[in-house]
Amino acid sequence: MSLLITNIGELTTNDPELGLLRDAAIVVGERVEWVGPASAAPAADERLDVRGAAVLPGFVDSHSHLVFAGDRAPEFAARMAGEPYTGGGIRTTVAATRAATDDELRANVARLVGEALRQGTTTIEIKSGYGLSTPDEARSVRIAREFTDEVTFLGAHVKPADTPDGYVDLVTGPMLDACAPYAGWVDVFCERGAFDVEESRRVLKAGIAAGLRPRIHANQLTMGGGVQLAVELDCASADHCTHLSEADVDALANSNTVATLLPGAEFSTRAPWPDARRLLAAGVTVALASDCNPGSSYTSSMPFCIALAVRDMKMTPTEAVWAATAGGARALRRPDLGHLAPGASADLIVLDAPSHLHLAYRPGVPLISSVARKGTLQSLCVAEGHLLNASGPHHPESPHKGVLS
Ligand SMILES: [Zn+2]
């Protein structure tokens, strides 16, 4: 089954040769089959006329923590009233998560994945990290795996209050053994009050030895050694990068490690913004992700993150959209995602707007009118729930009726 999307006013391909196309069309099956001028488009089984709208790759959200129970709205309100963010509130969510049933956790992930999809996210990475015991971390990665192919084992999120001593032995031993079958990535919160550089190196190396690929929470609250460790271990991404030395920026610029910026966290903790311009000027690959979690960034909205990156981190709208699509794909080392050249996965969004610039220009406005994953238009109804993983249980995907002809 092939689908022709035509009368595209502006098509963002993120392909260096194709660039930004006007009056364009695209033909998709599971993958992109053809891209070019609308006047030259070949026929396809179905046809969607988007009447001058902008089309761009679906957002690739490379950093989220969706497996949890409860929320921390009172903590957020207290912070907005002047209390600092310390990361200590993670333990509040751990208690709620441990007390929840599998179905409660699953329903919460489904709700948040659906929210993300309605805002244009076609791929989402999901971390564990609110279980912090072998059985609770194992069920977190198992449930995450029902929703996405990009699952990250984050047993080393914080040390639990009940077993701080020997916790790294647990994370690198029995907990890793129980979680590795469901995860593709290993992560650690390398930060004062969480895990130091030596502990973080142990966690990531154990994960690598178990067949997982490394990524890291680095330099969020302090100028620690996380970024240097990321480069040393060829992490796909160093996430946060809020406090960087010159040596850190140089190391990232000369590496394959993406700097993933998470402006939702700075927004929600009223913290200083990461210096995106400094990273871009040095030639570092920059991604944007939501960091969706109940404590420090409870947003699933990539358009919101784009707007923050433009307004407060001084990225251009085009740079921010690239970082939220192609940048996220690089942070997950997925060359099939984040662009719309022939052969790429046909994950795309149609905006209720003539240009990708509107994502930052019209902040807070629901501009996503259609979403396709692997060439299939997704139902964006709130009630149905949506799962992003074809290999897990999934709801039927209904075509976007009314505009198909
Ligand atoms: Zn995080």
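**Close-up views of a predicted model**

**View 1. The side chains of His63 and His217 meet in a polar contact of 3.0 Å.** A polar contact is a pair of N or O atoms within 3.5 Å; within protein, one must be able to donate a hydrogen and the other to accept it, and residues adjacent in sequence count only if both atoms are side-chain atoms. This is a predicted model: local features need pLDDT of at least 70, side-chain atom pairs count only at pLDDT 80 or more, and totals for chains, interfaces and linings use all residues. Residues are numbered from 1 along each chain as its sequence is written, and side-chain values use heavy atoms, with hydrogens and water left out. His63 lies in the loop between strand S6 (59–61) and helix H1 (73–80), while His217 lies in strand S12 (residues 216–218). Helices (H or I, at least four residues) and strands (E, at least two) are DSSP runs, numbered from the N terminus. His63 is buried at 0% relative accessibility; His217 is buried at 4%. Buried means under 20% relative accessible area, exposed over 50%, partly exposed in between (1.4 Å probe, protein chains only).

**View 2. UniProt, in an unreviewed entry, places a "binding site" feature at His63, His65, His217 and Asp291.** UniProt positions follow the numbering used here, feature names are shortened, and annotations may be inferred rather than shown by experiment. The four span 229 residues in sequence, yet no two of their C-alpha atoms are more than 12.2 Å apart, so they gather at one spot.

**View 3. Phe68 and Tyr298 form an edge-to-face aromatic pair.** Their centres lie 5.8 Å apart, with 75 degrees between the planes. Rings of Phe, Tyr and Trp (its six-membered ring) pair if their centres lie within 6.5 Å; planes under 30 degrees apart count as stacked, over 60 as edge-to-face and the rest as tilted. The partners are 230 residues apart, Phe68 in the loop between S6 and H1 and Tyr298 in the loop between strand S15 (286–288) and helix H12 (302–311). Phe68 is buried at 0%; Tyr298 is partly exposed at 38%. Phe68, Tyr130 and Tyr298 form one aromatic cluster.

**View 4. Two arginines, Arg213 and Arg215, sit over the ring of Trp185.** Arg213 is at 4.1 Å from the ring centre. The charged end of Arg215 is 4.5 Å from that centre. A charge sits over a ring if NZ of Lys or CZ of Arg is within 6 Å of the ring centre and within 35 degrees of the ring normal.
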